[in-house]
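Please keep the sequence and the structure in view while reading.

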Amino acid sequence: LKAACERPSLFSQSPETIEQNIRRLVDRFKAEGLTTTDYLKAACERPSLFSQSPETIKNNICNFVDRFKAEGLTTAAYLKAACKLPQLFYQSPETIEQNIRRLVDRFKAEGLTTADYMKAACKQPSLFSQSSETIERNIRGLVDRFKADGLTTADYLKVACERPQLFYQSPETIKNNICNLVDRFKAEGLTTAAYLKAACKLPSLFSQSPETIEQHARIIIETVVGFGLEQNPSEAWKCICRNPMVLSKSEKNLSQSQMYAFMLDYYQKKILKALFSIKKEPRLKAMANLLSVCVVELKEKAESELTKENPVGKKVNASAITDRATDIAIRIFNKKTAQKS
């Protein structure tokens with residue numbers, strides 16, 4: 001009824017004709033995953049689809065997919081995108097192609113490919129219909145703001161292809177997210193350049209709320225400093241920036257096992273530093289001693305803490321964490337020994 005109120009001709013149109021339109025189109029693309037349920041939802045959003053010729057819609061879909069077949073676009077992927085953005089069922093293939101090719105041409109020198117942008121658009125279908133000028137303005141506006149801090153257009157485009165909403169999100173909003181978070185941890189030594197490197201590894205940091213990230217970061221820093229791994233919070237931030245994935249965990253899911261997995265990176269850094277300071281002959285013995293100290297220390301903390309109930313209410317296998325520490329240490333040792341010899 002809502003669809004018919006938007007398109008009153010549906011009230012007088014023959015139900016047999018409407019059914020025929022829908023079933024014929026769905027039958028044509030059944031093998032590519034289109035279902036009657038999905039198409040009906042799309043038609044309720046865009047009522048003109050109830051009365052449009054299935055042949056016309058079929059031609060729009062097939063025509064567009066053929067234009068980008070060489071770049072890896074499939075009919076199944078485009079149909080999924082069209083169900084999310086129903087106007088794609090009837091929009092001109094020429095217009096959509098023009099939007100995409102123009103955008104890619106504007107960033108060709110910075111490494112953007114049609115195949116990468118197509119994947120991003122299939123995840124976020126609004127990109128198929130967005131103006132290339134608007135997207136370029138968003139990307140270049142943000143990069144210009146953080147150019148002095150080391151952000152490049154090439155790096156940001158890679159990030160945006162992983163998290164497509166960044167193509168159309170306001171550069172002002174993203175800028176505020178970054179600057180706000182850095183300001184909250186300026187006293188702890190966090191710099192904009194370091195945080196941008198972390199965000200390029202974990203793209204959600206560009207759009208995530210500074211309040212949420214601050215909450216996660218403070219838990220991590222308090223734990224690292226509390227265990228005596230670092231006296232200086234700035235060193236903890238360096239560790240976080242190397243492993244930003246830990247910032248994506250909620251307080252509930254930031255279990256002791258994940259904290260210890262994060263702390264292993266700290267030990268890895270210490271072992272690497274020690275390797276460079278060990279002279280030729282004594283290094284094997286000194287290295288073995290260092291590994292033993294690291295693993296024993298970690299095991300003691302693991303056994304005392306990880307066997308307790310974590311926030312989710314499950315028990316953690318302390319020996320598994322210790323095994324991981326040993327494995328990391330041995331792999332570093334073997335790699336560096338081979339390089340030295």
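Are H6 and H7 parallel or oblique to each other?

## Helices H6 and H7

The model described here is predicted. In it, the axes of H6 and helix H7, the latter spanning residues 75–84, come within 10 Å and cross at roughly 125°. An angle over 145° would count as roughly antiparallel and one of 65 to 115° as roughly perpendicular; H6 and H7 are therefore oblique to each other. The crossing in which H6 passes H7 is right-handed.

On the H6 side, Ile61, Phe64 and Val65 take part, and they meet Thr75, Tyr78 and Leu79 in H7. Sorted by class, the residues of this contact comprise 5 nonpolar and 1 polar, with no charged residue.

## Helices H6 and H8

Helix H6 (residues 54–67) also meets helix H8 (residues 93–106): their axes come within 9 Å and cross at roughly 30°. That angle makes H6 roughly parallel to H8, because angles under 35° are counted in that way. H6 passes H8 in a crossing that is right-handed.

From H6, the contact draws on Asn60, Asn63, Phe64 and Arg67, while H8 supplies Pro93, Glu94, Ile96, Glu97, Ile100 and Arg101. The classes represented in the contact of H6 with H8 are 4 nonpolar, 2 polar and 4 charged residues. Phe64 of H6 belongs to this contact and is also among the residues of H6 that meet H7.

## Helices H3 and H4

Another pair is formed by helix H3 (residues 15–28) and helix H4 (residues 36–45), whose axes come within 10 Å and cross at roughly 130°. This angle makes H3 oblique to H4. Here, too, the crossing is right-handed, with H3 passing H4.

The residues in contact are Ile22, Arg23, Leu25 and Val26 of H3, together with Thr36, Tyr39 and Leu40 of H4. They divide into 5 nonpolar, 1 polar and 1 charged.

## Salt bridges

The model contains 17 salt bridges by the rule applied. One of them joins the side chains of Arg23 and Glu19, with a distance of 2.8 Å from N to O. Both residues, Arg23 and Glu19, lie in helix H3, 4 residues apart, which is about one turn of the helix. Arg23 is also one of the H3 residues in the contact with H4.

## Confidence of the model

The average pLDDT of the protein is 81, and 70% of the residues score at least 70.

Key:
Residues numbered from 1 in each chain as written. Predicted model: local features only at pLDDT ≥ 70, side-chain atom pairs only at ≥ 80, totals over all residues. Heavy atoms only, no water. Axes fitted to C-alpha atoms, helices over the stretch in contact; angles between N-to-C directions. Helix = DSSP H or I, 4+ residues; strand = E, 2+ residues; numbered from the N terminus. Left-handed = near helix turned anticlockwise from the far one by under 90°. Contact = heavy atoms within 4.5 Å. Nonpolar A, V, L, I, M, F, W, Y, C, P; charged D, E, K, R; others polar. pLDDT = per-residue confidence, 0-100. Salt bridge = Lys/Arg side-chain N within 4 Å of Asp/Glu carboxyl O.
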